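This briefing concerns the chain shown below.

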Amino acid sequence: MKTHFDTIVIGGGPGGLAAAYRLAEQQSVLVVENDLWGGTCPNRGCDPKKMLYSAVEAIDHQHTLQSSGLVGTSYINWPQLMAFKRQYTTQIPDGTLNGLQSAGIRTVTGTAHFIADHHLRVGETDYTADHFIIATGQTPTLPAIEGRDLLQTSNQFLDLDHLPAKIAFIGAGYIAIELANIAATAGAEVHIIQHNKRILRDFPEAMTTELITSLENKGVQFHFETTVTKVHETTKGLVLNNPEGFTLTVDAAFAALGRHANIDQLNLPAVDVAIGHHGIQVDDHLVSSNPRVYAIGDVVDRPQPKLTPVAGFEGRYVANQLLQTNSDPIAYPLIPHTVYASPQISQAGVSVQTAQENPDQYRLNQQTTTNWYTFNRIKEPNAIVTTIFDRQTNQLVGAAAYTTIAEELINYLTPLIKNHTTAAELTDTIYNYPSPASDLKYYY
């Protein structure tokens, strides 16, 4: 059995797969995975979440059109919705594994840990390689409180056989907001417990404030400036409380405090790989403190959003480094980012907060677009689009959108930012009319 490879990739998710397929064109490659082949995103992350969200979108649209010609509303049948999700996710692991093996890539299922430089052990077998790529992603964080083992995470939420009647989410980041929106739309009583007054701290506060109101109108109850210090089980359910007198009894509670690098079992000290607060430290070529070990995707300590397309981009970049087809430092493209709530919030480029903090450098154009034809047609209750311009060049450098079509809008605005498209160029471009794209010139 072959045990030496040109490159060993640890992690069979989007980043690791992107690297492995590119490298396999010229190298011998081994991919090691200790969980579900395909990684978090297609199995228990962004893909299944958005499949559940598809039903939420349909109900949201029905609700807004109730007084405009649409009669009757639907409701979510949770078991049927979960069956819809599972018919997709159950195919991912085997499909991923078969794809790798068909490409001539060796695969091993098991937990990997380093035992020395060049040496990796999986189960009872030792493997060696010239280079290693760590692509193990992140894992949900549980709070260090009494009763933490009673808490579930997004992993369990996205595979619930039945939706609990009363749910609490601890945290108010994008995972909590997205899942709370799904649960509330599906009929659960939902509580969000947050230690301060902000949700989605990386997104514009004016938009997140509007989103709080929208979710409250759906029945979501926010408990701001509240910290849970204990969870215990009773005959009535799970009790969440703290010494300040907060007490909440629910049927299920989910920790949504973010994720941390999935590196605990790798034994990185054995190969002198340095670790930062947010994961593995790398240089501008994604090389760790050990020159033979690269790291990509969510496991990396870096400021870019931890998103599936970013992991894939990094995987291809590292593969090209190892194949010596590119020696330049990594240069990230614009990275659009969306919170799939009701409505959505999207942003790309220079953030609203950065622009507000640097008024001499940036000009903001915030527009309430609710009454524009595009949004009135779908009875958008409150749409906001903010575009950001460099004062010296007058070029579009950033954008944020709060609307049910924010995802679509940001995908139009991102290439405009990237290509330095001017208002005159937009005027001379003919888009399908009437459509969200035909409005683009009005955001300048």
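Which helices each supply at least two residues of the lining of the second largest pocket? They are helix H3 (46–64) and helix H8 (205–217). The model under discussion is predicted.

**Second largest pocket**

- The space in the second largest pocket amounts to about 430 Å³.
- Its lining consists of 19 residues, and those closest to the pocket centre are His63, Thr64, Ser214, Ser342 and Pro381.
- With five residues, H3 gives the most to this lining.
- Sorted by class, the lining of the second largest pocket holds nine polar, five nonpolar and five charged residues.

**Overall dimensions and packing**

- The chain contains 13 helices and 23 strands.
- Along the principal axes, the C-alpha atoms of the chain fill a box of roughly 70 × 65 × 40 Å.
- Of the 444 residues, 50% count as buried.
- The chain exposes about 20,500 Å², of which carbon and sulfur atoms supply 48%.
- Among contacts in the chain with a separation of 6 or more, 63% are accounted for by residues 24 or more positions apart.

**Helix H1**

- Helix H1 spans residues 14–23 and is mostly covered, as seven of its ten residues are buried.
- The buried residues of H1 are Gly15, Gly16, Leu17, Ala18, Ala19, Ala20 and Leu23.
- The cover over these buried residues includes strand E1 (4–10), strand E2 (29–33), helix H5 (92–102), E6 and helix H9 (308–322).

**Phenylalanine 132**

- Strand E6, which runs over residues 125–134, contains phenylalanine 132.
- The relative accessible area of phenylalanine 132 is 2%, and the residue is therefore buried, given that the term applies under 20%.
- Leaving aside residues up to four places away in sequence, phenylalanine 132 touches Ile8, Phe114, His118, His119, Leu120, Arg292, Val293 and Tyr294.
- One of these contacts, histidine 118, lies 14 residues from phenylalanine 132 in sequence, with a C-alpha to C-alpha distance of 8.2 Å.

Conventions:
Residues numbered from 1 in each chain as written. Predicted model: local features only at pLDDT ≥ 70, side-chain atom pairs only at ≥ 80, totals over all residues. Heavy atoms only, no water. 1 Å grid on protein atoms, 1.4 Å probe; cavity = no way out; pocket = protein on both sides within 12 Å on 5 of 7 lines; lining within 4 Å. Points joined across faces, edges and corners; volume = space filled by probe spheres on them. Helix = DSSP H or I, 4+ residues; strand = E, 2+ residues; numbered from the N terminus. Nonpolar A, V, L, I, M, F, W, Y, C, P; charged D, E, K, R; others polar. Buried < 20%, exposed > 50% of the residue type's maximum accessible area, 1.4 Å probe, protein only. Contact = heavy atoms within 4.5 Å. Areas by Shrake-Rupley, 256 points an atom, 1.4 Å probe, with all protein chains shown as cover.
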